[in-house]
Amino acid sequence: MFGYSMVQMVRANAGKLDKPLRGRILNLYKPFNSTPCFFHKALEGWIKRRKKMSVVVQFEKGCHEAGCQEVYSVFNKYSKCKVRKEFSRIACVSADITPAGLEDLLMCCTKIRKVYLNREVQALLDTAVSSANAKNIVRNNIALTGKGIKIAIIDTGIYPHKDLSGRISDFVDFINGRSEPYDDNGHGTHCAGDAAGNGAASSGLYMGPAPEAKVAGVKVLNKMGSGSLETILQGVEWCIKYNENSPSEKIDIISMSLGSAAQPFENENEDPMVKIVEEAWASGIVVCVAAGNEGPENSTIASPGISDLVITVGALDDKDTAETRMDDEVASFSSRGPTIYGKEKPDILAPGVNIISLRSPNSYIDKLQKSSRIGSDYFVMSGTSMATPICAGIAALIKQHSPDATPQQIKDWLKNGADHWTDEDPNVYGAGYINGEKSVPE
């Protein structure tokens, strides 16, 4: 097998191909097991020319334009190779490529740092606001509701629910290209309500922490709750560009209840998803991301939650008792640290078990889990997916009170205001259980 050219390419360029891509290329040889040996050379030639893979090509720092020129030059030779999208902020392009095109690219292009498989990214699904102590917070005689703050929900979309009426300020769809708000999965709608639902359909019973905040729907996951590295990069980049083009209507907070298994690169900053969320953070946007639902095992924090900058949120089980913390504990499914890079995570826990929020009628999850419906307007779900937008909603209250606060200041206030357990592992509980009242500065 080692004599095959694609295997030789993988071996020769192992440092420039991420592990999932190396595996994908080697899996192309599976048909050889049932094919006579004398056909192997012809079959390999056919696979190299015809099989397409979706990848993200990263260039050396400061070499985006030169790298793109090299890629386009190589791709002109191959009809099945094409650049799909450029991401100049993190010096990357997404592309469709054949093994032959990849081999040529690695031989001829001097600016390539690494090539990643355009891996799959999933929605992280598996009495909350009162438990988070995020109701009726008053500062300077003003009740904090998230008014004037905009939260981007990067997810499966947002259904125009009664509890969000008049507050879905923007909608962009990187899956189907539609312009009007919708959610064919249901996950994103639930997350939007976790952050900013106003409880209109329940007389205020099922209300998020920021019931007057605006929400921007950024659809990067499909009907099945699945997207790709490329769609996530597009969604976050859209938020950054949005703020550049609309300085008076900025997105203040990004909530991302999605992720994929962290990959072992030289360090976490080699991960394109980490790169793009840290670009958003550096631009002034608070970024809240889900820790993942792979607990109780250690070192299961998902990407981009492995970033040391963004706010990584785990899930807490409040046992449906808002009045007491005594019986609260981390949800069994909530991912644990340290990250695969040895960093302490998650940053904080928020309610994530049996959270009642907005229903998207006739969506995939709505039809799959009919027993989870609460009346005709609501739906119960669990996961770090639910904890993350609750944290984002509380961040919106802080931002309303302190509009000039930086993302790092907001992160510090959230962590310093958290309720602590005695002698609990920070790689399980983070800084503790989120407490909205204690996190908003006086």
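Modeller: The answer below starts with the ground rules, goes through the charged side chains, and ends with a helix and a few backbone details.

This is a predicted model, in which local features need pLDDT of at least 70 and side-chain atom pairs count only at pLDDT 80 or more, while totals for chains, interfaces and linings use all residues. Residues are numbered from 1 along each chain as its sequence is written, and side-chain values use heavy atoms, with hydrogens and water left out.

Side chains of opposite charge can pair when their charged atoms come close. The term salt bridge is used here for a side-chain nitrogen of Lys or Arg within 4 Å of a carboxyl oxygen of Asp or Glu. Over the whole structure, the search finds 21 salt bridges.

One of them joins the side chains of Asp96 and Arg84, with an N to O distance of 3.6 Å. This pair links distant parts of the chain: Asp96 belongs to strand S3 (residues 92-97) and Arg84 to strand S2 (residues 82-87), twelve residues apart. Strands and helices are DSSP runs numbered from the N terminus, a strand being E with at least two residues and a helix H or I with at least four. For cover, buried means under 20% relative accessible area, exposed means over 50%, and partly exposed lies in between (1.4 Å probe, protein chains only). Asp96 has a relative accessible area of 10%, so Asp96 is buried. Arg84 is partly exposed because its value is 43%.

A second salt bridge is formed by the side chains of Asp170 and Lys150, at 3.0 Å from N to O. Here too the pair links distant parts of the chain, with Asp170 in strand S9 (residues 168-173) and Lys150 in strand S8 (residues 150-155), 20 residues apart. Asp170 counts as buried because its relative accessibility is 17%. Lys150 has a relative accessibility of 3% and therefore counts as buried.

The next pair lies within one helix. Glu237 forms a salt bridge with Lys241, and the closest N and O atoms are 3.8 Å apart. The two residues are separated by about one helical turn, because they are four residues apart in helix H8 (residues 229-245). An α-helix has 3.6 residues a turn, so residues three or four places apart point the same way. Glu237 is buried, at a relative accessible area of 3%, whereas Lys241 counts as partly exposed at 37%.

Salt bridges can also be joined up: Lys345, Asp347, Lys411 and Lys415 are linked in a network.

Some charges sit in a patch instead. Glu344, Asp423, Glu424 and Asp425 form a negative surface patch. Patches are made of residues with over 30% relative accessible area and no salt bridge, like charges being joined within 9 Å and nonpolar side chains (Val, Leu, Ile, Met, Phe, Trp, Tyr) within 5 Å. Asp and Glu count as negative and Lys and Arg as positive, with His and the chain ends not counted.

Next comes a covered helix. In helix H7 (residues 187-196), ten of the ten residues are buried. Among them are His187, Cys191 and Asp194. Leaving aside residues up to four places away in sequence, Thr189 touches Gly157, Ile158, Tyr159, Asp183, Leu358, Arg359 and Ser360, where contact means heavy atoms within 4.5 Å.

A cis peptide bond joins Gly295 and Pro296, with omega about 5°. Pro296 is in the loop between strand S14 (286-290) and strand S15 (311-317). Ser299 lies in the loop between S14 and S15; its phi is positive, about 55°, although Ser299 is not a glycine. Ser299 counts as partly exposed because its relative accessibility is 33%. Another cis peptide bond joins Gly337 and Pro338, with omega about -5°, and Pro338 lies in the loop between strand S16 (329-330) and strand S17 (348-351).

Key: Areas by Shrake-Rupley, 256 points an atom, 1.4 Å probe, with all protein chains shown as cover. Charge placed at Lys NZ, Arg CZ, Asp CG, Glu CD.
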